[in-house]
Amino acid sequence: MCGIVGHVSTGPVNQQIYDSLLLLQHRGQDSSGIATADGETFHLVKTKGHVREAYRTRDMRNLTGNIGLGHVRYATAGSANNVDEVQPFYVNAPYGIILVHNGNLTNTRELSDELYRIDRRHLNSESDTELLLNVLANELQSRLPGDELTPDTIFDSITGLHDRVEGSYASIALISGLGMVAFRDPFGIRPLVLGRREGEHGRDEWVVASESLVLESGGYELVRDVAPGEAIVITESGELFSRQCAASTRLAPCSFEYVYLARPDSVMNGISVYESRLRMGRKLAEKARRELTAGDIDVLMPIPDSARPSAMEMAQVLGIPYREGFYKNRYVGRTFIMPGQKVRKKSVRQKLNALGTEFKGKNVLLVDDSIVRGTTSKEIVEMARMAGAKSVTFASAAPAVRHPHVYGINMPTRAELVANGRSTEEVAAAIGANRLIYQDVDDLKDAIIGGTDITELDLSCFTGEYVTGTVTAEYLAWLEANRTS
Ligand SMILES: O=P(O)(O)OC[C@H]1O[C@H](OP(=O)(O)OP(=O)(O)O)[C@H](O)[C@@H]1O
Ligand SMILES: NC(=O)CC[C@H](N)C(=O)O
Ligand SMILES: [Mg+2]
């Protein structure tokens, strides 16, 4: 779940891209990059770390042009530390293409083989994004010469790309001499929204971004989500073309966006993330009411930050006092998306501190959005006990995570998941809690898409059912053997 953004403007875009990336920081903290097109020349800056510290004034000055894109990375392929895998990626032929990608491809082995053996393309990293870009370049190249570089040539190329690529991809590219292209995989697993505002001389300015909060902050109106399988071309002069490029589509957005990844003030696929989290809290409260007896709990607390809306609603429904028992150090980022278990564990301690007075002698109910590796919950339960809690009940607004996530969240191995092979009671014991309550899968589904026209969600990490239908046991075994960070 990286964050991506593209701007087509009537003035310089460098600052706009920077501002957008700051707003998308919660989607990736490993590295970031910005690219702009100024006439025929691309300018590209890639850096490690957080956006705020990464760019120097001279980097920004060099990023001239009225069209550009940006990326914040949370590595799901290759390595978080490899500078060669920082996005955007660039190829010089045909025309010159720069691309950013949010998602994770699941047929990387086949693609690398085809690109090397048949298409004679050199790949310089383990990044699946480099593969995606080279497939796009190859599809475009194969439609030349003859075809002009028109939106239709791009759309035909993306149809070719959809036929070759499997997995999840929300992507934005700059194509020299044409403009910007945005496209989404046929299942719409990762989000992508389109916004418009009026620029100089009444001309349209466009933005495409992972989350709608980028649009609101920049004063853009939300036009719509990019549809699954659709591609949009916006020329340098701001003209927009679109086409459905996939033979068949089925919207099945990633449920984990709503559980944890996205910011609550975003709306994606027409669903408010905040409201879906309130509904998760409501459903969880109903389950807790069935499982707990009155007097079991004195006080309910959220694990900052992502659990807050669900916890708030849960307390309200249950009629239990809501307290902030953990204070958060705002200078430590999101721990789940940090690379490496050692740093994640250390950072939970640095990030959260228990306020003794809220715990002493109390039966506490701690609410988190999810339990994945159990890094946070284990530490938190211990902190609650050290602070004097009489008993600790833990509730998770998401169901038990028992399966790898292969569509853009870095949890590729079963062994690292605390719920793998464990019953609810065994997970409770593993995290040191007296009792544990998980959301049910149907309730999560209902909380996210209930009352909308959407009928499907990617719930694979909870159910083991992968929406693309191409994820085999052999692939999962390969993934487990090859990815450990
Ligand atoms: O079981 P785990 O492997 O620890 O993963 C789950 C935890 O990680 C996330 O928090 P994070 O600190 O990343 O971000 P937040 O501040 O947005 O809650 C999530 O909100 C859970 O608290
Ligand atoms: N989280 C993501 O979307 C990651 C994108 C890409 N797979 C990478 O590792 O760079
Ligand atoms: Mg958290």
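Visitor: Which residues are buried in helix H15 (residues 441-449)?

Guide: Asp 443, Leu 444, Lys 445, Ala 447, Ile 448 and Ile 449. Buried means 20 or more other C-beta atoms, placed from the backbone, within 10 Å of the residue's own; 12 or fewer is exposed, and in between is partly exposed. Helices (H or I, at least four residues) and strands (E, at least two) are DSSP runs, numbered from the N terminus. This is a predicted model: local features need pLDDT of at least 70, side-chain atom pairs count only at pLDDT 80 or more, and totals for chains, interfaces and linings use all residues. Residues are numbered from 1 along each chain as its sequence is written, while chains are lettered from A and ligands numbered from 1 in the order in which they are written.

Visitor: What covers the buried residues of H15?

Guide: The cover includes helix H8 (255-261), strand S15 (271-272) and H9. After H15 comes Gly 451, with a positive phi near 85°.

Visitor: Why is the pair H9 and H10 called oblique?

Guide: The axes of helix H9 (residues 273-291) and helix H10 (residues 308-318) cross at roughly 45° and come within 7 Å. Axes are lines fitted to C-alpha atoms, for helices over the stretch in contact, with angles from 0 to 180 degrees between N-to-C directions. Under 35 degrees is roughly parallel, over 145 roughly antiparallel, 65 to 115 roughly perpendicular, and the rest oblique. H9 and H10 are therefore oblique to each other.

Visitor: Which residues of H9 and H10 meet?

Guide: Among them are Tyr 274, Leu 278 and Leu 284 in H9, and Pro 309, Met 312 and Val 317 in H10. Contact means C-beta atoms, placed from the backbone, within 7 Å. The residues of this contact divide into twelve nonpolar, two polar and four charged. Ala, Val, Leu, Ile, Met, Phe, Trp, Tyr, Cys and Pro are nonpolar; Asp, Glu, Lys and Arg are charged; the others, Gly among them, are polar.

Visitor: What makes Thr 468 buried?

Guide: Thr 468 has 20 other C-beta atoms within 10 Å, so it is buried. Thr 468 sits in the loop between helix H16 (460-463) and helix H17 (473-482). Beyond its neighbours within four places in sequence, Thr 468 is in contact with Thr 106, Glu 166, Gly 167 and Phe 187. Ala 252 is 216 residues from Thr 468 in sequence, yet 9.2 Å away in space, C-alpha to C-alpha.

Visitor: Why does Arg 224 count as exposed?

Guide: Arg 224 has 12 C-beta neighbours inside 10 Å, so it counts as exposed. Its place is strand S11 (residues 221-225).

Visitor: Why is Tyr 95 called partly exposed?

Guide: Tyr 95 has 17 other C-beta atoms within 10 Å, so it is partly exposed. Tyr 95 is not a glycine, yet its phi is positive, about 70°. It lies in the loop between S5 and S6.

Visitor: What makes His 201 exposed?

Guide: His 201 has 6 C-beta neighbours inside 10 Å, so it counts as exposed. Its phi is positive too, about 55°.

Visitor: Which residues are closest to ligand 2?

Guide: Cys 2, Ala 75, Thr 76, Ala 77 and Asn 102 are the closest of the 18 residues around ligand 2. A residue is near a molecule or strand if its C-beta atom, placed from the backbone, lies within 6 Å of it. S6 gives the most to this shell, four residues. By class, the shell around ligand 2 has five nonpolar, ten polar and three charged residues.

How values were computed:
Two residues are in contact if their C-beta atoms, placed from the backbone, lie within 7 Å.
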